[in-house]
Amino acid sequence: MSSGTLWNAALDALQFTACNGGNCLVHRRAFRAVLRKSPLMEDCIAFYAVNQATIQAAATEKIEEHRIGDGQNFHLNSRQIRRGLAMTGLAEILHDQTMDGQLGAE
């Protein structure tokens, strides 16, 4: 994980420092909705590593849309992550991989 990124076991969420200086949390349930499986912590971390720029862009968009102040913490949900993926064209790829069994196999 990059600097400022960690797994918050108490909240069962990935946590990273957002552009407003606050912490952005992505709960395991948000990853479950995106990945269409019940992910392990490692799955969440791996997905974030591959899609870090997109997820951070989704966080920046939320900060701007909701006028989240400097240093304030917030959550991203699965819809916000999917919107970011769709904007980069990754949502269709993720859906195709899930349907082909490449992702989401338990």
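Two strands are taken to pair if DSSP finds at least two bridges between them, strands being DSSP runs of E with at least two residues, numbered from the N terminus. The structure described here is a predicted model, in which local features need pLDDT of at least 70 and side-chain atom pairs count only at pLDDT 80 or more, while totals for chains, interfaces and linings use all residues. Residues are numbered from 1 along each chain as its sequence is written, and side-chain values use heavy atoms, with hydrogens and water left out.

On one side, β2 runs antiparallel to strand β1 (residues 5–8), and four bridges join the two; here A13 of β2 stands opposite N8. These strands form a hairpin with four residues between them, and D12 in the turn has a positive phi of about 55°. Strand β3 (residues 23–27) is also antiparallel to β2, joined to it by five bridges, with V26 of β3 as the bridge partner of L14. The β2–β3 hairpin has five residues between its strands, and G21 in its turn shows a positive phi of about 90°.

Strand β2 (residues 13–17) is largely enclosed by the rest of the structure, because four of its five residues are buried (under 20% relative accessible area, with exposed over 50% and partly exposed in between; 1.4 Å probe, protein chains only). Within this strand lies Q15, which is buried at a relative accessible area of 14%. Leaving aside residues up to four places away in sequence, Q15 touches G4, T5, L6, N8, N23, C24 and L25, contact meaning heavy atoms within 4.5 Å.
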